[in-house]
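Colleague: I would like to learn how to read a model with several chains, going through it one feature at a time. Could we start with the way a chain is divided into domains?

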Amino acid sequence: MSRIANSPLTAGTRSLIPLSSALPWLIAIAFLFGLPVVFPSGSALTIMNQMAITIIFALAYNMLLGQGGMLSFGHAVYMGLGGFFCMHVLNWVENDGLWLPLPLLPILGGLFGLLFAFLIGGFSTRRAGTVFAMISLGVGELIAACSIIIVVFFGGEEGVSGDRTMGPEFFGIDFAQQQEVYYLSAVWLIVSALAMYLFSRTPIGRIANAVRDNEERAEFLGYSQRNVRWISFCASGFFCGIAGALFAINFEILTEENLNLATSGEILLVTFLGGVGFFIGPIIGAVVFILLKTVLGLYTELWALYAGILFLLTVMFFPNGLTGLIAMHVGPYKRGRLGVLALPYIKMVGPLMVFILSGAAVFEILFHSREAATGEGEMTLYGLTFSSHGILPVAVAAGIAIASFLLLHRLAPQLREAWDAANPVDRRS
Amino acid sequence: MSLFAVNILDGLVTGLLLFMLCSGLTLIFSMMGVLNFAHASFYMLGAYFGYQISAYVGFWPGLIFAPIIVGVAGALIERYGLRRVHQFGHVPELIFTFGLALLIEELVQFIWGKSQKAYEAPLALDFPAFAIAGNSFPAYKVFMIFMAMGIFLVLLYILTKTRIGMIIQAALSYPATVQNLGHNVPLVFMGVFGVGTAMAGLAGVIAGPVLGTFPGMAFQLGSIVFVTIVVGGLGSLWGALVASLLIGWLQTFAAAYNVGMSDLLIALGFEKPLDLANSALRDLWSLTLPQVGPILPYLLMVLILIMRPQGLLGKRET
Amino acid sequence: MSMAEREAERAAAIELHELEKSFGLAKIIHGVNLAVPPGERHAIIGPNGAGKSTLFNLITGKYSPSGGAVHINGQDVAGLKPYQINRMGLSRSFQITNIFPKMTVFENIRCGLLWKMNYRYSFWHLVDRQHDLTERAEEILEQINMTARRDDLAGMLAYAEQRALEIGVTIAGGADIIMLDEPCAGMSTSETEYIVDLIRQVTAGKTLVIVEHDMGVIFNLADRISVLVYGEIIATDTPENIRGNARVQEAYLGSEDGH
Amino acid sequence: MNRFTTILLAAGISAATMGATYAADNIKIAFIDPLSGPFAATGKQGLAQYKFAAEELVNKKGGVLGGSKFEIVAFDNKISAKESLIQLKVAIDQGIRFIVQGNSSGVANALTDAIKKHNRRNPEDRVIFLNYSAVDPALTNDKCNFWHFRFDANADIKMDALTDIIKDNGNIKKVYLIGQDYSFGKAVAAAAVKFLGEKRPDIEIVGNELHPIGKVKDFTPYARKIIASGADAMITGNWGSDMVGLGKSVISAGFKNPIFTYYAATDGITKTFGEAGEGVVKLVGEGQLNPPVSDRADAYTKAFKAKNPDLDIGQPRITNVMEMLARAINDAGSATDMVKIGYALEGMEHDSLWGTKVKMRTVDHQAIQNVHILAHTKSGITHDYDNSGYGLKTESTVEMASADAPTTCKMDRPAQ
C-alpha cells in the first residue's frame, strides 16, 4: 500500500492544512496586502479595486464556463442585481437608519444574487449547451431592458447611487478613502476565491466537472444533471452578487450598463483570455484585461482593437488561454529541459516585440492621420515626433512589421525543434 | 384603421429585413452547427462597404459589389479562422464568433470612425410612393420589400431546384449525415458561409440608409437576429420567415400603440393608487406598450425555449 | 397465475412487461417479456440491429417506453429519469466507452461512489478529506487492478484499461443490479479473458445483465441467456438449451455465420 | 498569483502612475463626454470647441496667473454614468481639478453627486464641475451643490421661452410631446405641460411619451403615431442620434407642421432636415451665430471653421465656460484653491462673445443669459451647420431669461 502513503488523504492527516496547499494562499494574502504599500497612488488603487471586483466576477463566471461547461451570455445580471440591491441597502442605511457595517454588505449582495440565480436557474439549467446559452442571452437582455422600465428598483437611465460612508464605523474606519475600500475588497477577494476554490473540491464541485465532461454518465451515477447545473448556477450567482456588492461599494452607482450584454460579454472575454481550464485562469485574465483597458487605454484610443485581436488569437491558437500558455511550460520545467527553450525564446523575443510595436504603429499612424484636426498632423509615437500624414511613416512602420514577421517566420523552425526536444513524445501506455 | 394598415407595411419591412439576416444564419447553422454570433457584424460591414462604394460610384454598384466583398470576407474567415477553431468544439466556436463580432466593430470604428455615416437612399427612390391618411410611405421601403421577396424566391429556387440546394436541404434534415460528409466537402461549408454572410451584407446595404450606418448597428440587431432564428426553430427556413415577420410586426405594433398598463389594470378592476409617485408599484401603473416593446422578442424567446425548445417550426432540438 | 409465480415475479430484479418502443414509424421493440431473478447472470444476445442497446436504454431510463412496463426490484419505473433508476440500485456501462476523460482514474471511481456514500450534492464536505471515500475508491482500484494507474488521466489510458475503468465506475456505487453493454467489444483474446475474470469477480452475488457478441464470454459467464431477434425475445433459457435451440440456430447463429 | 502576473502588474501600475506627473505647468481641464458610441459626434464637437476656445481665448492671451496655459484633457465616458465616474477618478488621480461635462443629465447627476462626495472626503484636493450642457433643472434645484456651475439655460428656462412663441401661434391646437426616457426628457415634458397649461390652456396635448435613450433603431412607428394623432406641432428635447432618427422618420412620414426642439442642429441633424426643415424646425437656445453679433464673434466662428472644416460651433456657451473660468482663477489668484475659485465664479457677470451678458446666479449656480428662438433656415445664414447651407437664425430673444425664477436650491457653502 505504498501508493496510499502519498495520497492527499494521509498528507491531510499529518497536519490540519498541508503547507504545500496553503502556501500559494499565504503568498497571495501577503501580496494583496503589500500592494498598496508599493503602489499607493490613487490611480493604482482605482485599478486594483477594479481588478479585485473583476477577479471575483470572473472566478464566479468560470464556475459555470470552466467547471460546469455552461456558456452564459447574461451573467452580468447576477452581479448587477446584487449590486443594485446593495445600493438600496446603502440608501436604507443612510436614510432609514438601518444598522449595517459596510464590510458585511457583500453577504447581502451575494444572497440577492443567489436568489435570482435560484429563480432563473430553475428553468435555464434544464438544458446545457446552446439552449442554455440562448436562454441566458434572452434573460440577460430581458432584465437589462427591464432596468429602464422598473425605475423603482433600477433607477431608470440614471441608475441608483448612494454613499458608502453613512453606515456605522467599522473599528473606526468609515471607508471614505480608496485605500480602505481596497483592503475591504482584498479581504473579500481572498475569502471568495478561497471559497470558490474549496467549492471545486466538494462532492458537488467534482460532479459539476463530471456533468460538464459527460452529462449522460453522471446521470447513470445517480446525479440529476439539471440539479447539478442548478446548484453550480446558484453558487456562481452568490459570488457574482458579492462582486456586485463590492462594485456598489467602490463606485457608489449602478446603472443599466451593469446588466447588459456588453458587460456579460466582457467577463466571457476576460475568463477565456485567462484560461477556462484552470482555477487561476480567470485571475490572470482579469489582471491582464484590466491592465490592457486602463494602462493601454491611457496611451491609445485603439486599446479595444488590440484587445479584440488578442482575444481572437487566443481563441484560435491557445484555447486554454494565457494560463494554458504558462502551463505548457510546466512539463519541460519538471523534466529540467526548460533551458533548451531559452535560446530560441531569447532569439525571438526581440523580433516579436518589434513586430508587435511596428504593427501597432501602422494602426496608430493611420488612425492619427484620419482623426487629427487640420493643422495638427504631428504625432508622437515611441518618443519620435513626426507628421502622420503622407505615405512615408506608414510605409516605414509596415516595412519594419513585415521584415520582423519574416524574421520570426525564419526563426520558427528552431523554436519548434527546441519545443520537440523539451517535450519528448511520452506515451507510457 | 389607416394607422393599422401603415403599420402592417412598416412591420413587413422590418420583418423581411430580419429575414434576410436570419436565412443566412439558419443556413450556416444547419450546415456547420455553429451559431454565428458575428452574423450581424457582416450586415454592418455590408452597410459600410455600401456606403463607401456609393460615395464614389453611387448606390446601385454598391448594391452589387458590397455583398460580394462581404461574402468573400466571410468565406476567408471561415477558411482561416472558424475551421481552425472547429476542432476545439462548439463552445469555442461560439466564443470565436463572439470575439469576431467585437473585433469587427472595433475595425469598423478604426476605418470609418465612431459617428454615424451619411449613407443615403438613392435619389431615384427618394420620394413618397403613396400615403395612407397623411402617412406617406417612402418608395425606398417599397424597394426594400421587393428586394427581400426577390431574395427569398431566389433562395427557394436554389434550395429546391439545384444540386447544391439538395445538399444543403439534406443538411437541414440530416445534419449528422452531412456533418460526416463534411470532411469531404469543406468547400460547401466555405461556400455556405460566404453566401450566408453575403446575404447579411446585402441586408446591410439596403438597411443602412434607413436604419442608420454606425458602429453600434451590429449589436443593436445582433441579438434580435439570434432570437428570431431560435423562435422560428433552428435549421428551419420557413420558421425563420415566420418568426422574422412575427417579430417585425410585434416590434412595430408595440411601438405604435400607446396602450397603458393602467388602462388594463383598471379594466381588470384594480384601483389606481392615489399617491402614485410614492407607490412601489408606480412603474407597473405607468407602464406602456411602447416601453415594453423592445423586450417582447426576448420574452417570446425565453417562453419558446421553455415550452417548445425546437422552436415554432423547428424539427430538431437545439 | 399461481401464487408462487406471482411471488417469484415480485422478487424479480428486473421484470419487463410487454415492453414496446417505436421511433417514429419504426417499431424497434415488440412486446418483450422478461424476468431476471436476483443474483442471476443474464445475457442478452442477438444479431446486430436486434434492439439490444435499445432494450438496455429502456430499462435504464434513457428512453421511455412506447408501451408496456419495466419493473425494477418490483417497482414500476415509468417516467423515472436515469438518475432515479440508478438510485434504486441499478448501474450500467456503455457500449462506447463512457468515462470522464479529463479526470484521473481515481477521480472517476470516486465520482461513481459519491451518491451512494451519501455525499450527494454536498458543498460542505471536501472530497479529499473524506477518509471513507478515499479508502473505498482505493479498494475498488485494487479490485480492478488499476492502483498503479491511480493518478493518470482516464482519457490517456489504453482501450482495455478504459473498459476496465468503466466497469469499475459502474460497480463503484454498490448497485445490486449491474448492466454491462458489450464490455468486451474490440478486445484481444487475452484482454477479453482478463475482463471476464474481472466481471465475474466484481459482480459476485449481484444481478448481472450483459449484452455481448462474444459467444465464448456469454456461455462462460451467463446463468441464462435471452435471444433477441428483431425486437422480440425468441428464447430464454440456460446456455446448454440455447445452444441446442433450433429457432435460435436458425434465426441468430445461422445469420451470424458460425459464431 | 504567480510571478508573471506580478511583474506585469508592477509594470502596468508604474506606467499608469507615470502619467500623473506629466506636464505639471499647465492647468488641466478634464473633458468627460462621449467620444464613442451613438453620441460620439456630439462629444467630439464639444471637445474641438473646448480646445479651440482654450487656445484662442485664454492661451493666446497669455494664459492665466501670469502664464499658465489651459490644457483640455479628453476622457471618453461612452455616455455611461459608471464610465464617467471611473474617468473622474482617473482625472482626479492625474491631478486635474476642473471637470467639464455636458452630454446627458443622467451623467451630470452622477458626476455632481460623486464630486460632492469626493470634495467632502478629500478636502485637500477638491474639484469643480463646470456643466456646459446638462439642463435637467434638478441640478440647480434639489441636487444643487457649491461645486457645480451650469452655463446653459436649464430645461425650464428654455421651455418658458419656447412656449412664449407657441402662445402667439393661433394655428396650434394640438401638440405632441416626445422625448428620451431619462431625467432630462421627463423634465422637458413636465415643463411643456406646465407652461402650455399656464399660457395656452386650450391646447390639447395629444401625445406625451418617452422612448428609451439611444436604443430605438427605427422611429417610424413613433412618426406614424404623431401623424395619426393630427398634431399641429411637435415638441421634443431629443438630441444626438435620437434627434437624427426621429427627425428623419417624422419628415419622411410626411409631417409638415412645426417641430419645436432644444437640440435639432449640427451633428448631421441640420443636414438631415435640410429643405424639409425650412419653416418647420424651431430651436430654443443661447448663443447667436446668425446674424453675427460682432466682428469678433464672426472672426472667431470663421477661425474655428478653418481649423475644423467638418465641425461646427454647436455650443457657443463653451467660450463663456473658458473665459469665466480664466477670470475666476485670476480673481482667486490660485488654480488650486477651489473654494476661492468657486466664490469667484459665484455671482460673476460676464460679457459673452455672443453678445449677451452672462450672470452666474449665486443662489443656485445657474447662468442667466439671453435665450433665443432660432429658426432652421437657409436665408440670412452667415455661418451654416454641417456645411449644408442651412443654419440657425435668431428670430426673437428673451433678455436674461428667467433671471428671477425661483429655485429650491439650499447650498452648503464651504468656509471661505
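Modeller: This is a predicted model, and in chain C the C-alpha centres of domain 1 and domain 2 lie 30 Å apart. Domain 1 of chain C is assigned to 1-88 + 221-259, and domain 2 of chain C to 98-169.

Colleague: Which elements of chain C each supply at least two residues of the side that touches chain A?

Modeller: Let us begin with the contact as a whole. The size of an interface is often given as the accessible area lost when the parts come together. Here we can count residues instead, and 39 residues of chain C are in contact with 29 residues of chain A. On the side of chain C that touches chain A, at least two residues each are supplied by α3 (82-87), β6 (90-92), α4 (105-114) and α5 (131-143) of chain C. Sorted by class, that side of chain C comprises 17 nonpolar, 11 polar and 11 charged residues.

Colleague: In what order do the strands of the open sheet in chain D follow each other?

Modeller: The order is β7-β6-β8-β9-β10-β14-β15 in chain D, which makes 7 strands with mixed pairing. At the edges stand β7 (204-211) and β15 (391-398) of chain D, and because each has a single partner strand, one side of each is left without a neighbour in the sheet. On average, neighbouring strands of this sheet are turned by 20 degrees against each other, with direction ignored.

Colleague: How many bridges join β6 to β7 in chain D, and which helix packs on the sheet, touching β6, β7 and β8 of chain D?

Modeller: Strand β6 (residues 174-180) of chain D runs parallel to β7(D) and is joined to β7(D) by 7 bridges, and D:Q180 is found opposite D:H211 in β7(D). The helix touching β6, β7 and β8 of chain D is α7 (residues 220-228) of chain D, whose direction makes about 170 degrees with that of β7(D). Helix α5 (residues 155-167) of chain D lies across β8 (233-236), β9 (259-261), β10 (281-285), β14 (371-377) and β15 of chain D, and runs at about 60 degrees to β14(D).

Colleague: Which element of chain B has the lowest mean pLDDT?

Modeller: Where pLDDT is low, the predicted coordinates should not be read in detail. Among the elements of chain B, the lowest mean pLDDT (61) belongs to helix α7 (residues 175-181) of chain B, and the highest (94) to helix α2 (residues 39-57) of chain B. Chain B as a whole averages a pLDDT of 85, and 94% of the residues score at least 70.

Notes
Residues are numbered from 1 along each chain as its sequence is written. Chains are lettered from A and ligands numbered from 1 in the order in which they are written. This is a predicted model: local features need pLDDT of at least 70, side-chain atom pairs count only at pLDDT 80 or more; totals for chains, interfaces and linings use all residues. Domain bounds come from an automatic or database domain assignment. Two strands pair if DSSP finds at least two bridges between them. Helices (H or I, at least four residues) and strands (E, at least two) are DSSP runs, numbered from the N terminus. Axes are lines fitted to C-alpha atoms, for helices over the stretch in contact, and angles run from 0 to 180 degrees between N-to-C directions. Two residues are in contact if their C-beta atoms, placed from the backbone, lie within 7 Å. Ala, Val, Leu, Ile, Met, Phe, Trp, Tyr, Cys and Pro count as nonpolar, Asp, Glu, Lys and Arg as charged, and the others, Gly among them, as polar. pLDDT is the predictor's confidence in each residue, from 0 to 100.
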